[in-house]
Amino acid sequence: MEFLTFLQILGGLVVAKFLYNQWKIFSLYYYARDFDFKSVAEDGYALITGGAEGIGRQCALYFAKRGINLILVDFNEKKLNETAKEIKENYSISLITKVMDLTTLHEPEVYASFEKEMLKQKISILFNNAGMSEEKKAFWNYAGSTPSKVTKIMTLNAEVPVLMTRMVLPGMLERKKGVLMHMGSSAGLTALDANPIYAGTKSHVINFSRSIEQLYPTSKTGIIHHVFYPAFIRTSLTTFLTKGIKKKGYENTMERLKDIVFPKVETWFASAIKTVGTGKNESGGSWFFEQFVNYMVMHFDSRGLKMLTDLSE
Ligand SMILES: NC(=O)c1ccc[n+]([C@@H]2O[C@H](COP(=O)([O-])OP(=O)(O)OC[C@H]3O[C@@H](n4cnc5c(N)ncnc54)[C@H](OP(=O)(O)O)[C@@H]3O)[C@@H](O)[C@H]2O)c1
């Protein structure tokens with residue numbers, strides 16, 4: 001074969017692969033229909049950690065609208081009460097709220113009593129959502145972190161999802177249905193020097209979900225698995241970025257791009273939830289993040305993040 005022909009075939013294959021990947025992403029976001037969560041939940045509950053605010057709150061509203069009973073666990077009592085009030089005023093579902101610091105589940109006695117209390121209900125859906133990162137002032141300074149802060153992030157982001165999954169899984173296996181959703185992050189897909197504890201724990205969440213899915217595949221157990229790994233979404237977790245981009249010169253650009261690059265939590269969630277139950281057990285949650293994630297895994301270094309955080313100095 002001539003060298004030129006070889007190059008043409010190679011080029012054709014690369015383009016075909018690129019187009020195929022684009023088609024997969026396009027069909028995931030533009031053809032996906034809402035998964036029938038209610039038929040899985042039946043008269044049971046969806047348990048959402050960190051359900052008072054941000055992504056957890058969006059998920060609570062989404063399920064409530066579909067008539068799914070809810071258990072919301074969060075340590076922000078004020079915001080939890082506000083979310084509960086909004087749900088009660090608008091939807092007729094059974095709603096249980098629990099104010100607690102989820103990191104205390106680390107203690108065997110706390111876990112035992114929590115499990116006893118929770119398993120009085122049939123938990124059909126679990127969303128392991130609560131999570132935290134190193135604060136902006138601690139970025140690029142792992143050596144300066146305190147052991148208590150390290151433990152808190154590790155426990156909330158890594159241990160709690162594992163414990164919660166362990167708690168609900170036997171019931172789901174028995175009933176041969178259930179949904180297990182986890183909040184990973186694009187930070188868990190590649191090395192990230194700014195906040196290595198967050199990045200490390202999010203890698204754990206992603207690989208934990210993939211491994212549990214392999215052990216209990218939908219085809220054999222009826223359980224739907226999903227892990228999300230988005231980049232930045234506008235919630236209280238990312239206010240340090242929002243403040244930064246408001247600075248003169250960037251706000252107009254960001255305003256135009258905001259629903260794509262840095263989406264509102266409502267926009268992102270509405271897109272992300274459609275990727276659950278599609279047969280693809282993981283997603284960035286939006287078309288842009290899906291592209292970003294592909295790019296990030298290969299090329300990301302934290303200069304971009306540094307630039308964004310510097311804006312908010
Ligand atoms: N926002 C993003 O850009 C982004 C991107 C990728 C992944 N994620 C992941 O998505 C998940 C949700 O993030 P979010 O942006 O929605 O955050 P958020 O707006 O801060 O909401 C998280 C909720 O969890 C609560 N919470 C935090 N620590 C807790 C604890 N120890 N015990 C009980 N509740 C606790 C928070 O309470 P307080 O308000 O009192 O802290 C808050 O109500 C996290 O796992 C995060 O890592 C977020």
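Which unit do β1, helix α3 and β2 make? Read on through these close-ups of a predicted model, in which local features need pLDDT of at least 70, side-chain atom pairs count only at pLDDT 80 or more, and totals for chains, interfaces and linings use all residues. Residues are numbered from 1 along each chain as its sequence is written.

**View 1. Strand β2 and its two crossovers.** β1 (residues 45-49), helix α3 (residues 54-65) and β2 make a right-handed β-α-β unit. Right-handed here means that, with the strands pointing away from the viewer, the path from the first strand over the helix to the second runs clockwise. Helices (H or I, at least four residues) and strands (E, at least two) are DSSP runs, numbered from the N terminus.

**View 2. The partners of β2.** Strands β1 and β2 run parallel and are joined by 5 bridges, with I48 opposite L72. On pairing with β3 (residues 95-99), β2 again runs in the parallel sense, over 5 bridges, and V73 stands opposite K98. Two strands pair if DSSP finds at least two bridges between them.

**View 3. The two faces of β2.** In a regular strand the side chains alternate between the two faces of the sheet. On one side of β2 lie N69, I71 and V73, on the other L70, L72 and D74, and all are buried. Because 6 of the 6 residues of β2 (residues 69-74) are buried, the strand is largely enclosed by the rest of the structure. Buried means 20 or more other C-beta atoms within 10 Å of a residue's own, exposed 12 or fewer, and partly exposed in between, with C-beta atoms placed from the backbone.

**View 4. The largest nonpolar core.** This core has 64 residues, and A46, L70 and L126 have the most contacts inside it. A nonpolar core is a set of buried Ala, Val, Leu, Ile, Met, Phe, Trp, Tyr and Cys residues joined through C-beta atoms within 7 Å. Not counting residues up to four places away in sequence, L126 touches L47, M164, T165, V168, L180 and M181; contact means C-beta atoms, placed from the backbone, within 7 Å.

**View 5. K177 in its loop.** K177 is found in the loop between α6 (147-175) and β5 (178-183). With 19 other C-beta atoms within 10 Å, K177 is partly exposed. Its C-alpha atom is separated by 9.1 Å from that of I125, 52 residues apart along the chain.

Notes. Contact = placed C-beta atoms within 7 Å.
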